[in-house]
Amino acid sequence: MPVQQESIVSCDRDVFSQNFNRLPHEVQHTLSGNPLFELRALAELSQRIATRENPHHPKGDIHVERGASAGNSRLDLHDWAKTDLDSLVDEIETGQTWIILKHIEREPGYREVFENCICEILDLAGKEILEQIKWFEAILFITSPNRVTEYHIDRECSWLFQIKGDKDIHFFDRADKDVLPDAELEKYWMVNNLSAVYKPEYEPRAMVYHLRPGIGVHSPVNTPHWLQNGDNVSISLNINFQFHEHVWENLFKANYYLRRAGITPSSPGRHPVADRFKRYAYTAVQDIRRKVKDNPVIPSHNEARRQYYRIAEIVGSR
């Protein structure tokens, strides 16, 4: 059971229910004074995660970029983890560094924070949604001053809590087909997770949130966004979960194959009955393929899946 009992996440219930996994909206949190998120503590956390013996991701649970743009992150993380903490902190404060720490809920202290956050989010969303969720994750972003995170979309349903520093996040309505055409979404799920293309002519349509300590924002699945960090180190905690394939992504995958066959599929949400049929049909085909290959849908030994069962047990006991 989590040891921290005071509330971390707060949001007006009507705002939450009206916008959950549909449109971005602001939330509040109480993590800014937590010593676990001081820069030196996070430098130590980075070193531990860089040398994990059983990471969740094949390439490790830490991503480091040096320089103003992506592609400058080719370094030996085990050697990097041996860097003394003072040098590491200085690099973050004065350089152009972006550190992503994945599955920090596996670490003591951070696990308890994560469990409280996700349980409070599920309380707002309704516990019944637990059946639609595949797994949970806590990601930490440590960003040097003035760095830009390029335009992209994500597969997770997430909440970004600003703990230190400030940043502007520019969201776009995923239902705006000028901004995010259906074909781009279909390619995202089937071909390339960098398929979403920024269109500067639609920047005036952006919903811009100024994040500062104590303020967070909800990012629905596949919501396009980009970020501009302020002139200080930014520390942000991302609490997220992924839906099961049949809940969301399989509809886009089905439409991808229809489009390849020369059929223009209707946009998701326009014809709910047809959406449901396509989603279930694609899911059934995938289930048959998995059985033929003798692959489980979600391996029972998966660390994130084990965390899911922990959360389900905690939610059930509240």
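1. The second largest pocket has a volume of about 280 Å³. This is a predicted model, and the pocket is a computed feature of it. Its lining counts 15 residues. Nearest the pocket's centre lie Arg 174, Trp 248, Phe 252, Pro 268 and Gly 269. Two helices, α7 (249–260) and α8 (272–293), are the elements that give two or more residues to this lining.

2. A probe the size of a water molecule, rolled over the atoms, shows where empty space is left. The structure holds 2 cavities of 30 Å³ or more. The largest cavity has a volume of about 60 Å³. Which residues line the largest cavity? They are Arg 155, Trp 189, Val 221, Gln 242, Phe 243, Trp 248 and Glu 249. Trp 248 is worth a look on screen: it lines this cavity, and it is also among the residues nearest the centre of the second largest pocket.

3. Gln 242 and Phe 243 lead from the cavity lining to strand β12, residues 234–243. In β12, 10 of the 10 residues are buried, so the strand is largely enclosed by the rest of the structure. Both faces are covered. On one side sit Ser 234, Ser 236, Asn 238, Asn 240 and Gln 242. On the other sit Ile 235, Leu 237, Ile 239, Phe 241 and Phe 243. In a regular strand the side chains alternate between the two faces of the sheet.

4. What does β12 pair with? β5 and β12 run antiparallel and are joined by 10 bridges. Here Trp 135 stands opposite Gln 242. β7 also pairs with β12 in the antiparallel sense, over 7 bridges. Ser 158 has Asn 240 of β12 as its bridge partner.

5. Strand β10 (residues 215–219) is another enclosed strand. Here 5 of the 5 residues are buried, so β10 is largely enclosed by the rest of the structure. Ile 215, Val 217 and Ser 219 are buried on one side, Gly 216 and His 218 on the other. β10 pairs with β2 (residues 25–29) in the antiparallel sense over 4 bridges. His 25 has His 218 as its bridge partner there. β7 (residues 157–164) pairs with β10 in the antiparallel sense too, over 4 bridges.

6. An open sheet of 4 strands runs in the order β6-β11-β8-β9, with antiparallel pairing. β6 (148–152) and β9 (207–211) are its edge strands, each pairing on one side only. Neighbouring strands are turned by 15° against each other on average, direction ignored. Inside the order, β8 (residues 167–171) and β11 (residues 225–229) run antiparallel and are joined by 5 bridges. Phe 171 has His 225 of β11 as its bridge partner.

7. β8 also holds His 170. Is His 170 buried or exposed? His 170 is buried, with a relative accessible area of 12%; the cut-off for buried is under 20%. Glu 203 is 33 residues away along the chain from His 170, and their C-alpha atoms are separated by 8.5 Å.

8. His 103 is another buried histidine, at 2% relative accessibility. His 103 is found in a loop, between β4 (97–101) and α5 (110–125). Its side chain makes a polar contact of 2.6 Å with the side chain of Glu 105.

9. Ile 139 belongs to strand β5 (residues 133–143). Ile 139 is buried, with a relative accessible area of 11%. Ile 139 and Lys 102 are 37 residues apart in sequence, yet 4.6 Å apart in space, C-alpha to C-alpha.

10. Last, the packing. In soluble globular proteins, nonpolar side chains tend to be buried together. The largest nonpolar core here has 66 residues. Phe 136 and Leu 237 have the most contacts inside this core. Helix α5 gives the largest share of the core, 9 residues.

Key: Residues numbered from 1 in each chain as written. Predicted model: local features only at pLDDT ≥ 70, side-chain atom pairs only at ≥ 80, totals over all residues. Heavy atoms only, no water. Buried < 20%, exposed > 50% of the residue type's maximum accessible area, 1.4 Å probe, protein only. Polar contact = N/O pair within 3.5 Å; in protein donor to acceptor, adjacent residues only side chain to side chain. Core = buried A, V, L, I, M, F, W, Y, C linked by side-chain atoms within 4.5 Å. Pairing = 2+ DSSP bridges. Axes fitted to C-alpha atoms, helices over the stretch in contact; angles between N-to-C directions. 1 Å grid on protein atoms, 1.4 Å probe; cavity = no way out; pocket = protein on both sides within 12 Å on 5 of 7 lines; lining within 4 Å. Points joined across faces, edges and corners; volume = space filled by probe spheres on them.
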